[in-house]
Amino acid sequence: MNHDTSLTPRSGSLSATRGITQRLASTGQLRAMGVPAAEVAGRSADGGDWRQLLPGVFLLRPGAPTGDDRLRAALLYARRDDAAAPHGPGPMLTGLAALALHGFASAPPPDALERVEVLVGRTRRLRSAGFVRVVRAPESPEPVELAGLPAAPVARAVADAVSGLHDAGTVRLLLTEAVRGGHCETTVLVRELSRSRLLTRPHVMDAVDSLLVEGRALSEERLYEMVRDFALPDPVWNVDLRLPGGPHLGGVDAYWPDQAVAVELDTRAPRQDEDALWSEYTRKREHLERLGITVVHLTPRKLREAMEQQATVVRTALMAASDRQPAAYVVVLPR
């Protein structure tokens, strides 16, 4: 928050302000520096060389604030009486302001933001004011420091941004960039949207459905890459398994018939029917394993961050096939 530009008092009567080198200050900070309230009022009045940006927050120079000034002013405003708040993470930027700091091309730069959202604890007695919108959270996440400012993690920032957006195209862009840009996992993002009760909005659900389809396609590409780059035997891809003349056992993403090893990508995301989906998934896996089929469970994150390790897991399962009891014969059909 400190800058090299010194503030020069307008007259000798303002000697109390000598040595101030910061661009912004709160009423409490100015009081601690010995600046009288009357002087603050005079310098921030019309024609003065200070400017009040928010209640109790002042720009200590003439002219318009920069985007960075507005972000820092929002945090200063949110920190008022922060010492009386319960222990935990302090106020942090969220929404589009945080996404701009995270480098999102689909978020306006700080200079163009109409409002700045600040995430605070649920018990804080703080109201939105001016260009600041206060967002409360039962449990605040640990902030990420970006450009010297505390910002909410991407998933939380996206959820807070989406909560105030009604344009389907903008919502889709934010969600797509969050995942495609490698900022966060699809499951983490959708879980945060669900926690924020945004999955009941049709335009958000449409964007999520598109995101899940795209996220699965990307994970499948990484699975192909893993088999190719680590010289695993070629499996049959995207198949359904059935007992001869019997019931459908379920689909798998890759299957090695000779070794009875299956790989299944877990690209599920939290939804309202999550418990039912998980139960169905678990039943299918347990049924296949009772038939002697080894099921290797991979997540998009494992494939992205530890592909070599996952290739080793699959290779180990293939090599161990000779030590297991022969699996039941199953029919393999295209999915």
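This report describes the fold, cores, largest pocket and selected residues of one protein.

## Overall composition

The structure is a predicted model. The protein contains 11 helices and 13 strands. Of its 335 residues, 44% count as buried. The accessible surface amounts to about 17200 Å², and carbon and sulfur atoms account for 50% of that area.

Contacts across the sequence can be described as well. Among contacts between residues at least 6 apart in sequence, 61% join residues that are at least 24 apart.

## The nonpolar cores

In soluble globular proteins, nonpolar side chains tend to be buried together. In this model, the largest nonpolar core has 60 residues. Val118, Val158, Leu175, Leu189 and Leu193 are the residues with the most contacts inside that core. Apart from it lies another core, of 17 residues, which includes Leu265, Val296, Met307 and Ala311.

Leu189 illustrates how parts of the chain meet in the largest core. When its neighbours within four places in sequence are left aside, Leu189 is in contact with Ala155, Val158, Leu175, Ala178, Val179, Cys184 and Leu211. Two of these partners, Val158 and Leu175, are themselves listed with Leu189 among the residues with the most contacts inside the core.

## Helix H5

Helix H5 spans residues 154-163. It is largely enclosed by the rest of the structure, because 9 of its 10 residues are buried. The buried residues are Val154, Ala155, Arg156, Ala157, Val158, Ala159, Asp160, Ala161 and Val162. The list includes the charged residues Arg156 and Asp160.

Ala157, in helix H5, is buried, with a relative accessible area of 0%. Leaving aside neighbours within four places in sequence, Ala157 is in contact with Thr94, Gly95, Ala98, Leu99 and Ala152. Ala157 and Leu93 are 64 residues apart in sequence, while their C-alpha atoms are 8.1 Å apart in space. Ala161 also belongs to helix H5, and at 3% relative accessibility it counts as buried. Ala161 and Leu96 lie 65 residues apart in sequence, with 5.5 Å between their C-alpha atoms.

## The largest pocket

The largest pocket has a volume of about 350 Å³. Of the 16 residues that line it, Pro138, Arg156, Glu192, Arg195 and Ser196 are the closest to its centre. Strand S6 (132-137), helix H5 (154-163) and helix H7 (186-195) each give two or more residues to the lining. The largest share, 5 residues, comes from H5.

The lining residues divide into 7 nonpolar, 2 polar and 7 charged.

Thr176 is located in helix H6, residues 168-180. A residue counts as buried under 20% relative accessible area, and Thr176, at 17%, is therefore buried. Leaving aside neighbours within four places in sequence, Thr176 is in contact with Gly181, Leu211 and Glu214. The C-alpha atoms of Thr176 and Leu212, which are 36 residues apart along the chain, are separated by 9.8 Å.

Lys284 is found in helix H9, residues 274-290. Lys284 is buried, with a relative accessible area of 17%. Its contacts, with neighbours within four places in sequence left aside, are Leu249, Gly250, Gly251 and Glu264.

## Residues with a positive phi

Most residues other than glycine have a negative phi. Ala147 is not a glycine, yet its phi is positive, at about 55°. Ala147 is placed in the loop between strand S7 (144-146) and strand S8 (149-151). At 62% relative accessibility, Ala147 counts as exposed.

Asn238 is another residue other than glycine with a positive phi, near 50°. Asn238 is found in strand S9, residues 236-242, whereas Ala147 is in a loop.

Note on methods: Residues numbered from 1 in each chain as written. Predicted model: local features only at pLDDT ≥ 70, side-chain atom pairs only at ≥ 80, totals over all residues. Heavy atoms only, no water. Core = buried A, V, L, I, M, F, W, Y, C linked by side-chain atoms within 4.5 Å. Buried < 20%, exposed > 50% of the residue type's maximum accessible area, 1.4 Å probe, protein only. Contact = heavy atoms within 4.5 Å. 1 Å grid on protein atoms, 1.4 Å probe; cavity = no way out; pocket = protein on both sides within 12 Å on 5 of 7 lines; lining within 4 Å. Points joined across faces, edges and corners; volume = space filled by probe spheres on them. Helix = DSSP H or I, 4+ residues; strand = E, 2+ residues; numbered from the N terminus. Areas by Shrake-Rupley, 256 points an atom, 1.4 Å probe, with all protein chains shown as cover.
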